[in-house]
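Dear colleague,

I am handing over the structure we spoke about, and my notes on it follow below. Please read them with the coordinates open.

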Amino acid sequence: MNCDNRFVKVPAILYRAYPQLEGFTVETAGFYGYLRSWCQNKPDHQLYGKTWLNQREIEAQTGLSPYKIRQHTATLCCYGLLNVTKSDRFPNKLIYEPLEPLTYAEFHEKYGIGGGDGG
């Protein structure tokens, strides 16, 4: 995962190719970037690469409605970009694990659209 304490990289394919998929918008890509920005970045932490926030925190920070948060979460899960589990330690919190997107070649092979090197 490409993140440190100051900067989170979101692969360009999320803005260039994934919005061609049904239900995936640039706002969905932005929500993915938001989740990655909250990921635990210490490799020795048990939740490395994951974030845990409750719905109200996400609403307050993003300005998204509960419906839009659920919609973006479902879309990201549908396309293999996010795993979500319930926290067994904190009530009303979910653990989000943003996953790496497909490469352009993998995307083209799987969906038959996009492809190329993104250039």
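What share of the 119 residues in the chain is buried? In this predicted model, buried residues account for 34% of them.

On confidence, the chain has an average pLDDT of 88, and 90% of the residues score at least 70. The lowest confidence among the elements falls in strand β1 (residues 51-54), with a mean of 85, while the highest is found in helix α4 (residues 66-78), at 97.

As to the fold, the chain holds 5 helices and 3 strands, which follow one another from the N terminus as α-α-β-α-α-β-β-α. Of the contacts between residues at least 6 apart in sequence, 56% join residues at least 24 apart. The chain exposes about 7200 Å², and carbon and sulfur atoms supply 50% of that area.

I looked at helix α2 in more detail. This helix has 12 residues and spans 16 Å from its first C-alpha to its last, close to the 16 Å expected at 1.5 Å a residue.

Arginine 36, which lies in α2 (residues 26-37), counts as buried because its relative accessible area is 1%, under the 20% cut-off. Its side chain makes a polar contact with the side chain of tyrosine 32, at 2.9 Å.

With best regards

Note on methods
Residues are numbered from 1 along each chain as its sequence is written. This is a predicted model: local features need pLDDT of at least 70, side-chain atom pairs count only at pLDDT 80 or more; totals for chains, interfaces and linings use all residues. Side-chain values use heavy atoms; hydrogens and water are left out. Helices (H or I, at least four residues) and strands (E, at least two) are DSSP runs, numbered from the N terminus. Buried means under 20% relative accessible area, exposed over 50%, partly exposed in between (1.4 Å probe, protein chains only). A polar contact is a pair of N or O atoms within 3.5 Å; within protein, one must be able to donate a hydrogen and the other to accept it, and residues adjacent in sequence count only if both atoms are side-chain atoms. pLDDT is the predictor's confidence in each residue, from 0 to 100. The expected span of a helix is 1.5 Å times one less than its number of residues. Contact means heavy atoms within 4.5 Å. Accessible areas come from the Shrake-Rupley method with a 1.4 Å probe; for residues, only the protein chains shown count as cover.
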